[in-house]
Amino acid sequence: MNKSVLVVYYSHSGNTAKAAAEIARRTGGALQEIRPVNPYPQEYRAVVEQAKKEIPAGIHPEIQPMELDFGAYDLVIAGSPNWCGTFAPPVATFLASQDWKGKELAVFCTHGGSGLAKMEADAARLCPDAKLSPGCAIRNGDPEQAVPALDDWLKTIGC
Ligand SMILES: Cc1cc2nc3c(=O)[nH]c(=O)nc-3n(C[C@H](O)[C@H](O)[C@H](O)COP(=O)(O)O)c2cc1C
C-alpha cells in the first residue's frame with residue numbers, strides 16, 4: 001500500500017522550505033507551510049531573542065488556518081529549523097493541535113550543527129498519540145548533508 005504523505009513545515013529563512021519541497025518531491029507527498037499569524041522578525045539577533053523567550057516558556061504562537069484534510073494522511077513528515085535545540089514554536093503549535101490517533105509522524109530539521117537535538121523527544125511529548133518514526137537532520141537544509149541520507153531515511157519511514 002502506498003502511504004498518503006503530508007509534508008508540513010515552517011521556515012524562517014528558506015532552508016527548511018527548500019528541504020521540505022525536496023522531500024515532497026521524493027515522496028509524492030502534499031506540501032503545506034505553517035505560517036505564524038505574527039511573523040518573526042527577519043533580523044537574526046531579534047529572532048534569536050524572541051525564540052529564547054518563547055521556547056523555555058513553552059509558548060505556542062497562533063498559526064494561520066490551513067485548508068488541510070489532516071485525516072486523509074497516513075504519514076506526516078514535519079519539518080522545522082532547529083531553534084535552540086528544538087522546534088520553532090509555530091511547529092510546536094501545529095504538532096500539539098492535531099489528532100494523531102492512527103497516524104505516523106516523522107520529523108526533520110534543518111540546522112547549523114546541532115542536529116535534531118531534543119526534537120524527537122519533544123515530538124513524543126507534543127504528540128503522544130502518534131506513532132513516531134525516526135527523524136532526519138539536514139545541515140543547512142542541503143539534501144546532500146542529511147543524516148541519515150535522505151533516501152535511506154525515506155525508506156526507513158516507509159516511503
Ligand atoms: C532563533 C534561532 C535559533 C537557532 N538555534 C540553533 C541551534 O540551537 N542549533 C543549530 O544547529 N542551529 C540553530 N539555528 C540555525 C537554524 O537552525 C538553521 O539556520 C536552519 O537551517 C534555518 O532554517 P530556515 O532557513 O528554514 O529558517 C538557529 C536559528 C535561529 C534563527
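**Strand pairing and the core**

Reply: Strand 3 and strand 5 pair in the parallel sense, and seven bridges hold that pairing. In this pairing, Gly79 is the residue that stands opposite Phe108 in strand 5. Please keep in mind that this is a predicted model.

Me: OK, and which residue stands opposite Phe108 in strand 7?

Reply: That is Cys136, and strand 5 and strand 7 run parallel, joined by four bridges. Strand 5 also pairs with strand 6 in the parallel sense over two bridges, where Glu104 stands opposite Lys131.

Me: How many of the eight residues of strand 5 are buried?

Reply: Seven of them are, so strand 5 is largely enclosed by the rest of the structure.

Me: What is Leu105 in contact with, leaving aside its neighbours within four places in sequence?

Reply: Leu105 is in contact with Val76, Ala78, Trp100, Ala123, Cys127, Ala130, Leu132 and Ser133. Separately, the C-alpha atoms of Leu105 and Gly135 are separated by 9.1 Å, although these two residues are 30 apart along the chain.

Me: Ala123 is in a helix, I think. Which residues of helix 4 are buried?

Reply: In helix 4, which covers residues 119–126, the buried ones are Met119, Asp122, Ala123 and Leu126. They cover an arc of only 105° around the axis, which means that they sit on the same side of helix 4. As a general point, an α-helix has 3.6 residues a turn, so residues three or four places apart point the same way.

Me: And what covers that buried side, and what is on the face turned away?

Reply: The cover over the buried residues of helix 4 includes strand 4 (86–87), helix 3 (89–96), strand 5 and strand 6 (131–132). The face turned away from the buried side carries Ala121, Ala124 and Arg125, which are exposed.

Me: Changing topic: which residues touch the most other members of the largest nonpolar core?

Reply: Those are Val7, Ile77 and Val91, in a core of 41 residues. Among the elements that each supply at least two residues of this core are strand 1, helix 1, strand 3 (75–83), strand 7 (136–139) and helix 5 (150–156). Not counting residues up to four places away in sequence, Ile77 touches Val5, Val7, Ile23, Gly29, Ala106 and Phe108.

Me: Now the start of the chain. What do strand 1, helix 1 and strand 2 make?

Reply: They make a right-handed β-α-β unit, in which helix 1 spans residues 15–27. Strand 1 (residues 5–9) and strand 2 (residues 30–33) run parallel and are joined by four bridges, with Val8 opposite Gln32.

Me: Last one, on the whole chain: how many helices and strands are there, and what radius of gyration does it have?

Reply: There are five helices and eight strands, and from the N terminus on they follow the order β-α-β-α-β-β-α-β-α-β-β-β-α. The radius of gyration is 14 Å, which agrees with the value near 15 Å that a compact globule of 159 residues would have. Of the 159 residues, 39% count as buried. Among contacts between residues at least 6 apart in sequence, 74% join residues at least 24 apart.

Methods: Residues are numbered from 1 along each chain as its sequence is written. This is a predicted model: local features need pLDDT of at least 70, side-chain atom pairs count only at pLDDT 80 or more; totals for chains, interfaces and linings use all residues. Two strands pair if DSSP finds at least two bridges between them. A crossover is right-handed if, with the strands pointing away from the viewer, the path from the first strand over the helix to the second runs clockwise. The radius of gyration is taken over C-alpha atoms; the globule rule is 2.2 Å times the number of residues to the power 0.38. A residue is buried if 20 or more other C-beta atoms lie within 10 Å of its own, exposed if 12 or fewer, and partly exposed in between; C-beta atoms are placed from the backbone. Two residues are in contact if their C-beta atoms, placed from the backbone, lie within 7 Å. The arc is that of the directions from the helix axis to the C-beta atoms. A nonpolar core is a set of buried Ala, Val, Leu, Ile, Met, Phe, Trp, Tyr and Cys residues joined through C-beta atoms within 7 Å.
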